[in-house]
Amino acid sequence: MGRLLAIDGLNIVRRVYEASPEPDSPEKAEIALRHALSSFRKLVNDHEPTHVLPAFDFGGRTWRHDLYAGYREGRAPMPSPLREALPGFYEKLQGFGLHVVSLPEVEADDVIGTVVLRWLADGRGEATVASTDKDLHGLIAQGARVWDHFKSEWHDHAWVEQKWGVPPEQLPDLLALMGDVTDSIPGVSKVGVKTAARLLRTYGTLDGIMAGAGILKDTLGETLRKEREMLYLSRQLVQLKTDVRVGVTWNMLAWER
């Protein structure tokens with residue numbers, strides 16, 4: 001059986017870059033990308049995959065911006081020295097034997113979600129996602145495993161439940177309820193992780209919550225009824241797009257070192 005390793009590229013690169021307190025500069029980018037390359041090598045060497053998907057955000061407008069103009073409006077842009085150094089980094093990854101995937105109008109998360117689910121649906125073997133991105137933890141419900149490279153720990157069903165109070169299959173609904181400040185996803189006003197988890201434990205799904213909202217006479221019920229449209233929009237924004245035309249074959253992702 002095969003072993004797919006899907007790497008959330010900028011999740012690695014940005015965290016390595018931002019770990020340094022030095023001001024933005026080409027030198028800082030060069031050093032960070034040197035360390036990031038070592039991280040990629042360590043991931044491949046440690047996990048011994050048969051196939052590797054290094055996915056990177058293309059940047060610019062995506063399908064989520066078409067749904068909601070305010071998407072990611074509060075996020076600081078990538079520092080220009082790092083952005084300018086990325087093409088050279090991609091070349092080094094390709095020289096190492098990896099096939100970088102970066103597609104316009106979708107995010108790396110969508111590419112990873114699409115490829116991982118196809119891999120699992122085809123019964124090709126294990127699928128590991130190297131990322132700390134909470135959106136990707138929903139893939140655990142489909143049989144994927146998530147690896148935190150920075151803490152060297154596995155994230156499984158039990159980890160998700162301990163962290164967020166719901167199982168992986170309810171994670172998208174939880175994120176829709178609580179929103180995501182990082183991506184400027186609104187969610188429902190004054191609903192945090194504990195309230196969102198409690199609602200999902202009680203009602204099961206967003207539809208169940210909204211069906212029950214009519215009998216909630218408190219402020220929460222009023223807020224849910226008032227912000228119903230934004231809640232369902234938030235649900236669309238946090239959902240992975242899993243029908244991306246990735247344009248690669250399994251042979252192109254095969255790891256032969």
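On a 1 Å grid over the protein atoms alone, a pocket is an open set of points where a 1.4 Å probe fits, with protein on both sides within 12 Å along at least five of seven lines, and lining residues have an atom within 4 Å of a point. The model is predicted, so local features need pLDDT of at least 70 and side-chain atom pairs pLDDT 80 or more, while totals for chains, interfaces and linings use all residues. Residues are numbered from 1 along each chain as its sequence is written, and side-chain values use heavy atoms, leaving out hydrogens and water.

**Exercise 1.** Describe the largest pocket and its lining.

*Solution.* Start with the volume, meaning the space filled by probe spheres set on the grid points: about 1,000 Å³. Next, take the lining of 39 residues, where Leu-10, Arg-14, Asp-57, Arg-72 and Arg-75 lie nearest the centre. Elements giving two or more residues include helix H1 (9–18) and helix H5 (108–121); H1 gives the most, with five. Finally, sort by class (Ala, Val, Leu, Ile, Met, Phe, Trp, Tyr, Cys and Pro nonpolar; Asp, Glu, Lys and Arg charged; the others, Gly among them, polar). The lining has 15 nonpolar, eight polar and 16 charged residues.

**Exercise 2.** Now do the second largest pocket.

*Solution.* Its volume is about 220 Å³. Of 16 lining residues, Gly-138, Leu-139, Gln-142, Pro-172 and Gln-239 are the closest to its centre. Helix H7 (171–178) and H11 each give two or more residues, and the largest share, three residues, comes from H7. By class you get nine nonpolar, four polar and three charged.

**Exercise 3.** Work out how helices H8 and H9 cross, and through which residues.

*Solution.* Helices here are DSSP runs (H or I, at least four residues), and strands are runs of E of at least two. The axes of H8 (193–203) and H9 (206–213) come within 9 Å and cross at roughly 90°. That makes H8 roughly perpendicular to H9 (the class for 65 to 115 degrees). Contact (heavy atoms within 4.5 Å) is made by Leu-199, Leu-200 and Tyr-203 of H8 with Leu-206, Gly-208, Ile-209 and Gly-212 of H9. These divide into five nonpolar, two polar and no charged residues.

**Exercise 4.** Is Leu-136 buried or exposed, and what is it in contact with?

*Solution.* First place Leu-136: in the loop between strand E3 (125–130) and strand E4 (145–148). At 0% relative accessibility, Leu-136 counts as buried (under 20%; exposed is over 50%). Leaving aside neighbours within four places in sequence, its contacts include Asp-8, Ile-112, Val-129 and Leu-240.

How values were computed:
Axes fitted to C-alpha atoms, helices over the stretch in contact; angles between N-to-C directions. Parallel < 35°, antiparallel > 145°, perpendicular 65-115°, else oblique. Buried < 20%, exposed > 50% of the residue type's maximum accessible area, 1.4 Å probe, protein only.
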